[in-house]
Amino acid sequence: MGNSALKAHLETSQKTGVFQLTGKGLTEFPEELQKLTGNLRTVDLSNNKIEVLPAFIGGFQQIKSFTISSNKLTSLPNDIGKLKKLETLILNGNQLKQLPSSVGQLKSLRTLTLSGNHFKEFPIGLGTLRQLDVLDLSKNKIQVVPAEVAELQAIEINLNQNQISTVSPEVSRAPRLKVLRLEENCLELSSIPFSILSDSQVSLLSVEGNLFEVKKMRDLEGYDKVILCQFSLLLYL
């Protein structure tokens, strides 16, 4: 991409607070964006070839939405935790295996999507994200849903298309969890904790594509509550 084209994008962003540069083959995070740290609210750098986020990312104090999907990120800098106003962080389609602990400092974060990365373990330390509504970890290689999930404030957790064979009963204690997606994993019927059906806030539980027939769940205690709530919920979507 030519300097003149980038300059034009920067001038527009100066006025709008939005910087969008997708599918341009960028291999580095544009250093020129440092000039706009004070007023950028939205950044979208999807579909590029960026491998590293610079430390100065922490200077974007006004940013509310940051999308950098379909790049080549293998890690995130600790400085990302400085984005105190960030509400949406979209990192789908990268090569991430873990998150820095500083992500737990993103106090305004409402949506965190990490679909299509290389996670083998459920990221811990997200319980401090008190505003978190949606957590998407679909299309990874996670095998266990750990007890720490009970600490999450998320309303929806998407774990479709992983390799999950174990779900901790503690998941039922997640205070706001209403939608739990576990489609296309490695779950046996006996791996579904009864407490999720009978003693949790979950009203939509998706388990299609596992190692059992969904109709066999009809005999489980609490099944009617979840399915009836699921039906009414879908009517309002």
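Predicted model: local features only at pLDDT ≥ 70, side-chain atom pairs only at ≥ 80, totals over all residues.
User: What about phenylalanine 66, buried or exposed?

Analyst: Phenylalanine 66 is buried, and so is phenylalanine 29.

User: How do those two rings sit, edge-to-face or stacked?

Analyst: Phenylalanine 29 and phenylalanine 66 make an edge-to-face aromatic pair, with 6.4 Å from centre to centre and 75° between the planes.

User: Which parts of the chain does that pair tie together?

Analyst: Phenylalanine 29 is in the loop between β1 and β2, while phenylalanine 66 is in strand β3, so the pair joins parts 37 residues apart in sequence.

User: OK, wider view. How many aromatic pairs does the whole structure have?

Analyst: The search finds four. One of them is phenylalanine 29 with phenylalanine 56: the ring centres are 5.7 Å apart and the planes are at 70°, so this pair is edge-to-face.

User: And where is phenylalanine 56?

Analyst: Phenylalanine 56 is in the loop between β2 (42-44) and β3 (65-67), 27 residues from phenylalanine 29.

User: Which residues form the aromatic cluster?

Analyst: Phe29, Phe56, Phe60 and Phe66 form one cluster.

User: New topic. Which residues touch the most other members of the largest nonpolar core?

Analyst: Phe66, Leu182 and Leu205 do, in a core of 63 residues. Helices α1 (3-16) and α2 (194-198) each supply at least two residues of this core.

Notes. Residues numbered from 1 in each chain as written. Heavy atoms only, no water. Core = buried A, V, L, I, M, F, W, Y, C linked by side-chain atoms within 4.5 Å. Buried < 20%, exposed > 50% of the residue type's maximum accessible area, 1.4 Å probe, protein only. Helix = DSSP H or I, 4+ residues; strand = E, 2+ residues; numbered from the N terminus. Phe/Tyr/Trp six-rings, centres within 6.5 Å; stacked < 30°, edge-to-face > 60°.
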